[in-house]
Amino acid sequence: MTNSTPELPPGLDAPVTSPAIGRDEWVARHLDRRLPPRLGPLEQRLRGVPWWAWLALFIAAVSLMPVVSSSGYVRRVGFDTVLYMLLALGLNVVVGWGGLLDLGYVAFYGVGAYAYALLDSDHYGIHLPTLAAVPAIVILGAIVGLLLGLPSRRLSGDYLAIVTLFFLQLFQTLVTNGDQFLFGAGNVTGGANGILRVDPFHFFGHDLVTQHQGVFAVSYYYVALGFFAVVFIALRFVNLSRTGRAWRSQREDPLAAEVMGMPVNWLKLMSFAFGAAVAALTGTLFAALNSSVFPLTFYFVLLITVYTMVILGGQGSQPGVVLGAILISVLLELLRDPGHSRYLFYVMLGAGLVVSFRWSRRLALVAGLTIVFGFAAHAIADGIEHSWVSGAAGGWASGWVIVPSHLAHWLPPVAYVALIGGTLGLTLLHGWLRAVLLAPLLYLASFVWENVMLAKPEPTRYIVIGLILVSLMILRPNGLLGEKRVEIV
């Protein structure tokens with residue numbers, strides 16, 4: 001009998017014959033399961049590219065955005081996207097690596113913004129140099145994170161979420177009413193009017209202007225990219241260190257990590273501190289560019305948005321949360337314009353059908369029935385009363401979706417509730433009956449979109465993002481690039 005060496009899976013440097021000391025066999029053979037048996041030469045080369053090369057390529061690509069587009073609006077969206085990327089990286093430390101449900105994260109962002117406004121503005125007449133103010137605020141954010149972690153270090157799950165949510169509410173109350181009763185210190189935060197005339201960043205004897213000839217200046221965009229690169233690299237090294245491995249251990253099983261001798265409470269405090277420091281750093285960028293800070297900026301909607309980015313991209317994955325921040329930021333801007341949002345809606349509807357039915361006969365059946373049902377319903381409505389189809393509808397939808405010129409006040413809520421009820425009812429059906437009934441439901445979704453959702457773009461943006469998130473969690477629970485975990489079901 002001869003001993004045979006197992007075939008080397010792509011991406012491994014040596015054959016795996018047994019688990020290493022201290023590693024479970026399931027973990028040791030992770031790559032055997034993750035990688036397909038045969039990879040093309042191109043994919044093998046892509047997997048071999050080091051992370052720093054991908055980061056450099058990404059930075060170089062996004063640096064070309066101001067060159068490609070001279071629109072001040074596009075440049076500002078790019079800057080806001082980089083801020084979202086930084087916030088997502090900081091939240092990923094707490095949620096993705098530490099496994100802590102922190103609902104007060106946005107407060108650290110506000111702490112950084114208000115601290116910069118107090119240290120560099122006419123409010124108190126203090127004008128610290130940027131190179132001194134920014135590091136001091138980062139340290140301040142880390143200290144505030146530690147202070148929040150002290151009463152929360154023994155909490156987990158819902159209890160931790162309630163305590164951190166109270167911290168966010170406390171911060172919002174203090175900054176909103178800080179012009180009246182903040183411990184007798186007078187007007188500290190400016191109250192609801194905020195703090196105005198905040199100094200811009202000042203480097204080497206030059207102020208970074210926010211606008212140049214009425215157009216958004218790109219200097220802050222590149223400074224934000226520089227901050228992003230530094231934070232990404234620093235957090236990656238932390239993740240690969242003993243601290244990063246300990247974070248992931250206590251995320252998976254805090255009790256087992258504590259039994260193994262890991263300082264679980266100290267690890268929680270460190271994750272709070274690191275995440276808060278990144279958020280405070282991001283807050284300085286926000287305050288310097290806008291030359292003002294207001295309490296309404298740091299409300300719960302922003303927290304939900306950043307959490308969506310982390311969950312969509314994949315908790316625990318740095319590239320994943322960055323990708324999630326880019327996708328959500330771009331989608332939120334596209335959904336502001338009815339023309340863009342209409343195009344996006346129908347593209348996503350078609351993509352959802354393809355993902356659900358693949359390229360099968362059921363896909364052809366559903367698509368065909370939906371198209372026929374739409375034209376038939378439009379023709380019948382036009383024959384009964386022309387005003388039922390004489391409303392403003394864009395593109396090809398004007399001849400397919402029923403859009404009345406005057407919408408009855410009772411119709412939007414009825415249609416909306418019917419769509420939700422029909423969707424829930426359809427999940428109980430199977431087979432061809434489900435495919436057949438899906439056609440009128442898709443048409444009802446188009447009707448609700450054209451008549452109800454497009455009329456209110458602000459709430460519609462977040463409803464669409466929520467639907468995308470729910471759909472992705474069904475298809476890919478770990479997010480786009482999230483780490484797969486072992487769970488007991």
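This is a predicted model: local features need pLDDT of at least 70, side-chain atom pairs count only at pLDDT 80 or more; totals for chains, interfaces and linings use all residues.
Reader: What counts as a cavity here?

Author: A cavity is a set of grid points where a 1.4 Å probe fits but cannot get out. The general idea is that rolling a probe the size of a water molecule over the atoms shows where empty space is left.

Reader: How much space lies in the largest cavity, and which residues line it?

Author: About 30 Å³ lies in the largest cavity. Its lining is made of L335, P338, S341, M453, L454, P457 and T460. Helices α16 and α20 are the elements that give two or more residues to that lining. By class, the lining of the largest cavity holds five nonpolar residues, two polar ones and no charged ones.

Reader: What about pockets: what volume does the second largest pocket have?

Author: A pocket differs from a cavity in being an open set of points. The second largest pocket has a volume of about 1800 Å³. It is lined by 41 residues, and L349, G352, T423, L467 and S471 lie nearest its centre.

Reader: Which elements supply at least two residues each to the lining of the second largest pocket, and how do its residues divide by class?

Author: The elements are α15 (318-334), α16 (338-357), α18 (411-426), α19 (431-453) and α20 (457-475). The lining of this pocket divides into 33 nonpolar, six polar and two charged residues.

Reader: How should I read a nonpolar core, and how many residues has the largest one?

Author: In soluble globular proteins, nonpolar side chains tend to be buried together. In this model the largest nonpolar core has 124 residues. F79, F201, F228 and L285 are those with the most contacts inside that core. Helix α6 (residues 72-97) gives the largest share of the core, 14 residues.

Reader: Take L285 as a case. Which residues does L285 touch, leaving aside those up to four places away in sequence?

Author: With that exclusion, L285 touches F79, L83, L86, F201, V223, A224 and F227.

Reader: Where does V62 lie, and what does V62 touch beyond four places in sequence?

Author: V62 lies in helix α4 (residues 51-63). Beyond four places in sequence, V62 touches Y221 and L225. V62 and L225 are 163 residues apart in sequence, yet their C-alpha atoms are 8.7 Å apart in space.

Reader: On to charges. How many salt bridges does a search of the whole structure find?

Author: Side chains of opposite charge can pair when their charged atoms come close. The search finds six salt bridges in the whole structure. One of them joins the side chains of R76 and D80, at 3.1 Å from N to O.

Reader: How are R76 and D80 placed in helix α6?

Author: R76 and D80 are four residues apart in helix α6, so about one helical turn separates them. R76 counts as partly exposed at 25% relative accessibility, and D80 counts as partly exposed at 23%.

Reader: Which residue forms a salt bridge with R461, and is R461 buried or exposed?

Author: R461 pairs with E458, the closest N and O atoms being 2.8 Å apart. Both residues lie in helix α20, three residues apart, which is about one turn of the helix. R461 is buried, with a relative accessible area of 3%, whereas E458 is partly exposed at 40%. Another salt bridge joins the side chains of E333 and R336, at 3.1 Å from N to O. In that pair, R336 counts as partly exposed at 42% relative accessibility.

Reader: Last, backbone angles. What is phi of R197, and where is R197 found?

Author: Most residues other than glycine have a negative phi, and most peptide bonds are trans. Phi of R197 is near 55°, a positive value in a residue other than glycine. R197 is found in the loop between β1 (195-196) and β2 (202-203). R197 is exposed, with a relative accessible area of 56%.

Reader: What is phi of R358, and is R358 buried or exposed?

Author: Phi of R358 is near 55°, again a positive value in a residue other than glycine. R358 sits in the loop between α16 and α17 (361-384). R358 is exposed, with a relative accessible area of 58%.

Conventions: Residues are numbered from 1 along each chain as its sequence is written. Side-chain values use heavy atoms; hydrogens and water are left out. A nonpolar core is a set of buried Ala, Val, Leu, Ile, Met, Phe, Trp, Tyr and Cys residues joined through side-chain atoms within 4.5 Å. Buried means under 20% relative accessible area, exposed over 50%, partly exposed in between (1.4 Å probe, protein chains only). Contact means heavy atoms within 4.5 Å. On a 1 Å grid over the protein atoms alone, a cavity is a set of points where a 1.4 Å probe fits but cannot get out, and a pocket is an open set with protein on both sides within 12 Å along at least five of seven lines; lining residues have an atom within 4 Å of a point. Grid points are joined across faces, edges and corners, and a volume is the space filled by probe spheres set on the points. Ala, Val, Leu, Ile, Met, Phe, Trp, Tyr, Cys and Pro count as nonpolar, Asp, Glu, Lys and Arg as charged, and the others, Gly among them, as polar. A salt bridge is a side-chain nitrogen of Lys or Arg within 4 Å of a carboxyl oxygen of Asp or Glu.
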